[in-house]
Amino acid sequence: MLASGDTVIWLQERTPLGIFSPKVLEAIAQAMELQVIPEGKTLVTADTPPEALYIVQDGHLECETSNQNYSALARGFLPGEVINLQELLLDEFAPFTIITLNECHLWTIPADKFRGLASQYPEINQAFSRLLVQELAEVTSALSYEQERAIALRPYLVTKAQRGIVGTSRYAVRLREQIRAAAGDRLSVDIFGEPGLEKDNIAALIHFSSPRRREPIIKINCSILQTSGVDLFGRAGGKPGLLELLGEGSLILNNIQELPPELLPAVAQLLQTNTYNPVSRPGEPKAEPRTSKVKILIVSEKAQSIIERQVGHVIKVPPLRVRKADIKAQVEYYTSLYSRARGLTKPHVTPEALRRLQAYDFPGNLKELKNLVERAIVQVGEGKELTEEIFWSAEPKKKQFRVNLLNMYPGLRKFLRSDWWPDRINYGFTVAAFAFLVGVLFIGPQTRDRNFGLILFWAWWWPVFLFLFPFLGRIWCAVCPFMIYGEITQKLSLWLFPRQLKRWPREQAEKWGGWFLFGLFTLIFLWEELWDLENTAYLSACLLLLITAGAMICSAIFERRFWCRYLCPIGGMNGLFAKLSMTELRAQQGICSATCTTYQCYKGGPQKGEGMETDGCPLYSHPAQLEDNRDCVLCMTCLKACPHRSVEFNLRPPGIELWTTHVPRSYEVALLFLLLGGIYLHRLPEIQAWLGLNFDLTVFWQHTELSLITLLVPITIPLAAYGLTKLFNFGRKPKTFIELAYGYLPLVLGGNLAHYLHLGLAEGGRILPITVATFGLNNEQLPTLVAHPAVIDFLQGTTLIFAVLLSILLTQKIARQPIITLIWQHLATIALAGSMWVIIVA
């Protein structure tokens with residue numbers, strides 16, 4: 001219990017009643033009684049007349065109210081607080097209920113006694129009136145400042161975040177975690193990413209997820225800031241800037257890359273030290289720095305190094321093309337949002353439409369996706385489905401010139417997914433037919449006019465599959481007997497000797513495999529020429545068996561088809577010519593990255609949905625990662641395994657990969673020119689006649705030397721042309737030789753086809769009588785179908801002409817330079833074609 005003098009001093013120093021004179025305070029002190037109120041007791045009840053004046057000596061109290069008019073006044077009471085003073089003097093009801101939070105000691109003056117003191121001492125009412133006037137002036141001043149502040153901030157105000165981060169991909173989860181971390185402190189944030197990612201909305205999410213969510217947040221486009229910085233930092237002794245008006249709010253600096261260079265040091269200082277200098281007028285000293293409590297949120301398309309070093313958080317917003325798994329959720333969100341806003345029934349998005357959207361890369365990101373969805377809903381009208389056709393513009397650039405044949409011809413999809421392709425063909429026919437053919441070559445007549453095996457190999461197989469390359473690429477490899485026997489060997493060896501097959505030595509194979517098959521092809525060319533394989537049946541059989549043996553040995557050692565991918569000489573040629581094909585097997589990268597989690601097309605696995613059980617791609621090629629046709633044998637294993645309908649068999653511009661996604665390889669160029677030399681090697685007698693040479697080809701070493709020279713000489717023409725191109729470049733730097741060399745590919749294919757057309761059209765039609773003669777029977781009455789020599793010449797010449805035109809066109813596409821800069825290569829192409837015309841057609 002305080003003495004009366006001490007009580008007066010305590011009232012003067014610790015309570016708002018210190019405005020009264022000592023005489024009044026003495027009277028109040030004498031009227032006070034000390035009360036102890038237990039915890040949880042209701043001291044004042046809202047909307048009732050106050051029972052007493054309370055002065056808190058010790059303890060804590062809290063008020064609560066359901067009245068919206070007084071919701072802002074709800075607060076706690078600490079020692080020294082006076083309760084019910086205004087209500088007693090103005091004869092009002094208590095605005096809220098007050099409850100003790102712990103045991104409280106209160107000085108109490110009953111209501112009647114306090115009203116009596118107020119009547120006895122008019123000073124109480126007068127002092128209270130002065131206090132109200134002072135508070136009103138302060139409130140008016142504060143209200144004026146808030147109005148000025150609101151007017152200044154209103155043009156830039158961000159009222160809410162549009163949405164959270166939609167999706168469940170790892171990118172979406174990480175982005176949400178980064179937003180939570182950035183919202184948890186006062187450090188500045190740098191948010192950057194491609195256009196259309198709604199980065200300013202992410203900045204708003206950070207603000208509205210933080211403890212300062214009730215403070216204002218504004219967005220300023222950096223391109224409109226004055227170079228002086230006065231609108232941001234204010235003027236010394238004058239108008240306040242946005243930083244001062246914001247207080248403890250948040251500031252979004254949008255498009256920081258457009259910030260005037262003059263402001264960059266000041267912004268860097270603000271980020272580093274949270275201080276800034278108001279702008280001084282010319283001639284005035286530099287203003288003192290001020291501290292800012294504003295949280296800075298920087299938005300840009302690219303990270304700025306000087307800014308990135310100063311901020312506390314850096315958030316790189318991933319583009320939509322790497323978040324394909326979130327597209328379905330985004331589309332559902334946008335359709336719900338748009339339909340609800342316009343009172344429409346939400347349409348269903350078909351799986352085919354989703355696959356099309358997931359296959360698109362969305363250069364405009366979320367903004368483009370939103371526009372596509374909204375436009376689709378408008379287009380569909382009263383329809384209940386958003387189909388694939390509605391999203392007509394969602395087509396990636398590399399798909400713009402493709403037509404998926406599997407969609408156009410469902411019967412083709414059914415056939416390619418059936419057991420017929422290629423297993424029943426391979427194991428029901430090819431495996432036996434190949435063994436029979438090799439047997440006929442060994443034990444049958446040895447010349448081409450009496451052994452149908454030689455006719456099939458040289459007069460049918462070569463021209464037919466050379467002709468098919470521009471249409472179906474490596475289609476031969478899907479039914480190739482070499483790999484069939486390799487697979488049989490692999491399965492049989494694993495059954496007899498269970499073991500783990502070796503994994504591919506990929507690095508060494510990528511480095512040396514191409515050169516191995518180049519060397520093997522060179523030996524095959526020499527063997528063919530020196531030992532006359534075209535007219536010697538058992539040697540042709542040996543060639544087939546040697547290639548088969550390579551496939552069988554590699555299959556017994558390595559998993560899948562190591563020989564086919566890296567070492568097979570026929571496969572190397574097929575892969576090279578397949579680049580010119582007008583068809584391709586690919587998969588939609590968006591669907592594979594968004595939907596697939598098993599990669600069964602690549603690794604193999606059990607049946608899943610419509611995906612069949614397979615052992616995976618025999619060449620370890622993922623269809624979504626294919627950039628050219630070299631590593632696809634069209635076995636359709638991926639088409640059978642895929643449960644998401646991602647795999648496509650596309651019609652495309654022939655050879656488009658050679659000027660778009662192609663990666664040149666030196667060993668491929670070497671093989672290309674080896675195949676070019678092979679055309680001349682096949683026509684060695686014609687070359688001798690044309691040049692007037694008289695080498696004796698019956699002498700082995702002389703024949704060998706001439707064959708090697710014939711293989712090597714043709715490459716000197718492209719090399720000389722490239723040297724002249726570099727010398728006379730017309731001010732333009734030419735591409736590398738191995739890039740431009742692929743321009744000769746149509747000519748090489750056309751030259752080989754022109755050579756074998758003679759065998760196919762002149763001898764291929766004698767297949768029936770030669771087949772009968774193979775078994776020693778009379779063949780005189782059997783029909784033949786042989787083209788006239790003039791027809792053969794016409795077709796050979798037409799083939800060469802088209803090959804020249806396509807080579808020139810392809811060279812232009814690859815080089816992307818004016819025709820005058822490539823004139824030497826075009827002349828070399830014409831010269832090579834002219835020499836082929838002389839030795840093949842003429």
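This is a predicted model: local features need pLDDT of at least 70, side-chain atom pairs count only at pLDDT 80 or more; totals for chains, interfaces and linings use all residues.
**Exercise 1. The parallel sheet**

How many bridges join β10 to strand β11, and in which sense do the two strands run?

*Solution.* 
Step 1. Start with the pair itself: β10 and strand β11 (residues 250–254) are joined by five bridges and run parallel.

Step 2. Now widen the view. The two strands belong to an open sheet of five strands with parallel pairing, in the order β10-β11-β14-β9-β15. At the edges you will find β10 (217–221) and β15 (313–316), each of which pairs on one side only. From one strand to the next, the twist averages 15 degrees.

Step 3. Helix α7 (residues 199–208) lies across β9 (189–192), β10, β11, β14 (295–300) and β15. Its direction is at about 160 degrees to β14.

Step 4. Check the record. An unreviewed UniProt entry carries the annotation "domain: Sigma-54 factor interaction" for residues 165–378. Over residues 165–378 the chain is 40% helix and 14% strand, with the end C-alpha atoms 25 Å apart.

**Exercise 2. Two helix pairs**

Describe how α28 packs with α32, then do likewise for α21 and α30.

*Solution.* 
Step 1. Know what to look for: two packed helices are described by the angle between their axes and the distance between the axes.

Step 2. Take helix α28 (residues 666–682) and helix α32 (residues 745–762): their axes are 9 Å apart, and the packing angle is about 30 degrees. Angles under 35 degrees count as roughly parallel, and that makes α28 roughly parallel to α32. The crossing of α28 and α32 is left-handed.

Step 3. List the residues in contact. From α28 come L672, L675, L676, I679 and H682, and from α32 come L745, V748, G751, N752, H755 and Y756. Sorted by class, the contact of α28 with α32 has seven nonpolar residues, four polar ones and no charged ones.

Step 4. Turn to helix α21 (residues 506–530) and helix α30 (residues 700–727). Their axes come within 10 Å and cross at roughly 135 degrees, which makes α21 oblique to α30. The crossing of α21 and α30 is right-handed.

Step 5. Here T522, F525, L526, E529 and L530 of α21 meet F700, H703, T704, S707, L708 and L711 of α30. By class, the contact of α21 with α30 has six nonpolar, four polar and one charged residues.

**Exercise 3. Backbone details and a loop contact**

Where does a cis peptide bond occur, where is E198 placed, and which residues does A236 touch?

*Solution.* 
Step 1. Keep the general rule in mind: most residues other than glycine have a negative phi, and most peptide bonds are trans.

Step 2. The cis bond joins W421 and P422, with omega about -15 degrees. P422 lies in helix α17 (residues 420–443).

Step 3. E198 sits in the loop between β9 and α7. The phi of E198 is positive, near 55 degrees, in a residue other than glycine.

Step 4. Finish with A236, in the loop between α8 (230–233) and α9 (242–246). Leaving aside residues up to four places away in sequence, A236 touches P278, V279, S280, R281 and A287. A236 and S280 are 44 residues apart in sequence, while their C-alpha atoms are 5.4 Å apart in space.

Technical notes: Residues are numbered from 1 along each chain as its sequence is written. Side-chain values use heavy atoms; hydrogens and water are left out. Axes are lines fitted to C-alpha atoms, for helices over the stretch in contact, and angles run from 0 to 180 degrees between N-to-C directions. Helices (H or I, at least four residues) and strands (E, at least two) are DSSP runs, numbered from the N terminus. Angles under 35 degrees count as roughly parallel, over 145 as roughly antiparallel, 65 to 115 as roughly perpendicular and the rest as oblique. A crossing is left-handed if the near helix is turned anticlockwise from the far one by less than a right angle, and right-handed if clockwise. Contact means heavy atoms within 4.5 Å. Ala, Val, Leu, Ile, Met, Phe, Trp, Tyr, Cys and Pro count as nonpolar, Asp, Glu, Lys and Arg as charged, and the others, Gly among them, as polar. UniProt positions are given in the numbering used here, feature names are shortened, and annotations may be inferred rather than shown by experiment. Two strands pair if DSSP finds at least two bridges between them.
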